[in-house]
Amino acid sequence: MMDIRDLYQEVILDHSRRPRNFGRLADANCEAEGDNPLCGDRVHIYLRIEGDRVTEARFEGRGCAISMASASLMTDMLRGLALDEVRALFQHFHAVVTHGESAEACDWIDLDKLNVLSGVREYPVRIKCATLAWHTMKAALEGKRTPVRTE
Ligand code: ZN
């Protein structure tokens, strides 16, 4: 049987090689830039918000496998969520990567994708790679103009 960590590794490699939702979103009404100088990762997150719901999420950027996979997984998860669900998801994500909590199953989203990123907590330097897209997304929702920096 495949080790669960190998499986997570596979998912990360797959998302970094073939990122989902990659490219500019022309009708985005919410966007922000993020920069992780420690590793050289850069992301630009684009969101389309209608009412209180994310109807589209895309990203552009370049960086290491973890930063790209995290942005890819995140944009996949955001689409269709209400804004309060997005905030709850951010909290879950933060707990998973910083405290190593395993995300509990909940009814509105498949948290397996978050658990995929949980391995990074063993590599503190990598946490910034994994969280970059998420902090940038949060800044986009808050309408921040200045680029997010992890440093
Ligand atoms: Zn990185």
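These legends describe close-up views of one predicted model.

Residues are numbered from 1 along each chain as its sequence is written, and side-chain values use heavy atoms, with hydrogens and water left out. In this predicted model, local features need pLDDT of at least 70, side-chain atom pairs count only at pLDDT 80 or more, and totals for chains, interfaces and linings use all residues.

**View 1**
Helices (H or I, at least four residues) and strands (E, at least two) are DSSP runs, numbered from the N terminus. Both aspartate 41 and cysteine 129 are buried. Buried means under 20% relative accessible area, exposed over 50%, and partly exposed in between (1.4 Å probe, protein chains only).

**View 1. Helix 2 crosses helix 5.**
The axes of helix 2 (residues 65-78) and helix 5 come within 8 Å. They cross at roughly 35°, and the crossing is right-handed. Axes are lines fitted to C-alpha atoms, for helices over the stretch in contact, and angles run from 0 to 180 degrees between N-to-C directions. A crossing is right-handed if the near helix is turned clockwise from the far one by less than a right angle, and left-handed if anticlockwise. Helix 2 contributes Ile66, Ser67, Ser70, Ala71, Met74, Met77 and Leu78 to the contact. Helix 5 contributes Arg126, Cys129, Ala130, Ala133, Trp134 and Met137. Contact means heavy atoms within 4.5 Å. By class, this contact has 10 nonpolar, 2 polar and 1 charged residues. Ala, Val, Leu, Ile, Met, Phe, Trp, Tyr, Cys and Pro count as nonpolar, Asp, Glu, Lys and Arg as charged, and the others, Gly among them, as polar.

Two strands pair if DSSP finds at least two bridges between them. Strand 2 and strand 3 run antiparallel, joined by 9 bridges. Here tyrosine 46 stands opposite arginine 58 in strand 3.

**View 2. Strand 1 and its two partners.**
Of the 7 residues of strand 1 (residues 30-36), 5 are buried, so this strand is largely enclosed by the rest of the structure. Strand 1 pairs with strand 2 in the antiparallel sense over 7 bridges. Glutamate 31 stands opposite tyrosine 46 in strand 2. The hairpin of these two strands has 4 residues between them, and glycine 40 takes a positive phi near 90° there. Strand 1 and strand 4 run parallel, with 2 bridges. Aspartate 35 has arginine 149 of strand 4 as its bridge partner.

**View 3. Histidine 44 in strand 2.**
Histidine 44 sits in strand 2. Its relative accessibility is 16%, so histidine 44 counts as buried. Not counting residues up to four places away in sequence, histidine 44 touches Glu31, Ala32, Glu33, Arg58, Phe59 and Glu60.

**View 4. Lysine 113 in helix 4.**
Lysine 113 lies in helix 4 (residues 112-116). This lysine 113 is partly exposed, with a relative accessible area of 27%. Apart from neighbours within four places in sequence, lysine 113 is in contact with Leu73, Asp76 and Met77. Tyrosine 8 is 105 residues from lysine 113 along the chain, yet their C-alpha atoms are separated by 9.0 Å.

Leucine 13 belongs to helix 1 (residues 4-17). Leucine 13 and isoleucine 66 are 53 residues apart in sequence and 8.1 Å apart in space, C-alpha to C-alpha. Asparagine 21 lies in the loop between helix 1 and strand 1. Its phi is near 60°, a positive value in a residue other than glycine. At 12% relative accessibility, asparagine 21 counts as buried.
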